[in-house]
Amino acid sequence: MGRPSDNMIIDEAEAEAERMMNMMMMSSSAPANMPLLSLNHVSYLCKSVGASVRFYEQVLGFVLIKRPSSFKFQGAWLFNYGIGIHLLECNSPDDIRNKKGAAINPKDNHISFQCSDMKLVMRKLEGMNIEYVTAVVEEGGVKVDQLFFHDPDGYMIEICNCDNLPVLPLSSSCPIKKKLPQTPNMRHIASLSGKARSCAGEVEDKMLENLFQDLMDLSF
């Protein structure tokens with residue numbers, strides 16, 4: 001009896017993977033994940049669009065991009081690091097809670113940016129005379145450095161190396177999205193997982209990966 005062809009093996013893997021996905025989706029009592037992809041932008045009301053644009057360009061390295069001309073109010077869009085900053089000029093300074101000169105409180109609402117060199121950021125802020133405070137979080141021997149400062153309107157910004165901490169869901173049904181391994185023969189199986197998935201996505205991914213590997217092993 002001859003050895004099965006690679007195409008036959010891949011077809012079997014795809015059929016079995018689709019069967020397993022259908023069974024898991026039918027049996028799962030957890031709600032389907034929302035079809036969300038990523039954070040698109042954050043929006044800030046500001047007193048001066050020009051001053052805020054200069055801050056986000058010069059301090060954080062954002063790039064000014066084209067904004068739809070249909071808007072009937074002053075504003076600006078910036079983009080970098082996979083996220084947008086949308087600035088909206090207020091009608092009156094009273095529209096913004098005055099935080100200028102207020103103490104930097106790490107527990108205030110803020111946006112956070114992952115960083116690869118905290119000391120370099122500190123030197124840049126010091127060179128631009130921007131006040132900041134630092135903090136350290138420790139968990140299980142892992143240390144995370146945090147740095148907080150304000151933008152021109154007093155909105156809090158954090159710079160950190162938070163990726164040092166692993167993401168550990170507290171519930172086995174936590175709907176954290178995770179991509180399947182993109183080996184050459186897994187592309188079609190990965191596309192199957194894009195259908196409405198149960199919250200136990202990581203378990204499904206591992207089962208599909210192991211199934212495909214077992215089928216490949218049978219061909220040798």
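**Close-up views of a predicted model**

**View 1. Helix 3 lies across strand 6, strand 7 and strand 8.** In this predicted model, helix 3 runs at about 20° to strand 7. Helix 3 spans residues 118-127. Strand 7 covers 142-150, and strand 8 covers 156-160.

**View 2. Four strands form an open sheet in the order 5-8-7-6.** The pairing in this sheet is mixed. Strand 5 and strand 6 (133-139) stand at the edges. Each has a single partner strand, so one side of each is left without a neighbour in the sheet. On average, neighbouring strands here are turned by 25° against each other, direction ignored. Strand 7 and strand 8 pair in the antiparallel sense, over five bridges. Look for His150: its bridge partner in strand 8 is Met156.

**View 3. Another open sheet of four strands has the order 1-4-3-2.** Its pairing is mixed. Strand 1 and strand 2 are the edge strands, and each pairs on one side only. Neighbouring strands of this sheet are turned by 30° against each other on average, direction ignored. Strand 3 and strand 4 pair in the antiparallel sense over six bridges. Phe79 has Gly84 as its bridge partner in strand 4.

**View 4. Helix 2 lies across strand 1, strand 2, strand 3 and strand 4.** Helix 2 runs at about 160° to strand 4. The helix covers residues 49-58, and strand 4 covers 83-89.

**View 5. The largest nonpolar core has 26 residues.** Tyr56, Leu60, Ile85, Phe149, Ile157 and Ile159 have the most contacts inside this core. Several elements give two or more residues to the core, among them strand 1 (41-46), strand 3 (75-80), strand 5 (110-114) and helix 3. Strand 7 and strand 8 are also on that list. Helix 2 gives the most, with four residues.

**View 6. Ile159 touches residues from several stretches of the chain, including Leu60, Phe113 and Val121.** Its contacts also include Cys115 and Met118. Asp145, Gln146, Leu147 and Phe149 are touched as well. Residues up to four places away in sequence are not counted. Ile159 is also one of the residues with the most contacts inside the largest nonpolar core.

**View 7. Phe62 and Tyr81 form an aromatic pair.** The structure holds ten aromatic pairs. In this one, the ring centres are 5.4 Å apart and the planes stand at 85°, so the pair is edge-to-face. Phe62 lies in the loop between helix 2 and strand 2 (63-65), and Tyr81 in the loop between strand 3 and strand 4. The pair therefore ties together parts that are 19 residues apart in sequence. Phe62 counts as buried, at 3% relative accessibility. Tyr81 is exposed, with a relative accessible area of 53%.

**View 8. Phe62 also pairs with Phe113.** The centres of these two rings are 5.8 Å apart. Their planes stand at 70°, so this pair is edge-to-face. The pair links distant parts of the chain, 51 residues apart: Phe62 sits in the loop between helix 2 and strand 2, Phe113 in strand 5. Both Phe62 and Phe113 are buried.

**View 9. Phe62, Tyr81 and Phe113 belong to one aromatic cluster.** The cluster also includes Tyr44, Phe55 and Tyr56.

Notes:
Residues numbered from 1 in each chain as written. Predicted model: local features only at pLDDT ≥ 70, side-chain atom pairs only at ≥ 80, totals over all residues. Heavy atoms only, no water. Core = buried A, V, L, I, M, F, W, Y, C linked by side-chain atoms within 4.5 Å. Buried < 20%, exposed > 50% of the residue type's maximum accessible area, 1.4 Å probe, protein only. Contact = heavy atoms within 4.5 Å. Phe/Tyr/Trp six-rings, centres within 6.5 Å; stacked < 30°, edge-to-face > 60°. Pairing = 2+ DSSP bridges. Axes fitted to C-alpha atoms, helices over the stretch in contact; angles between N-to-C directions.
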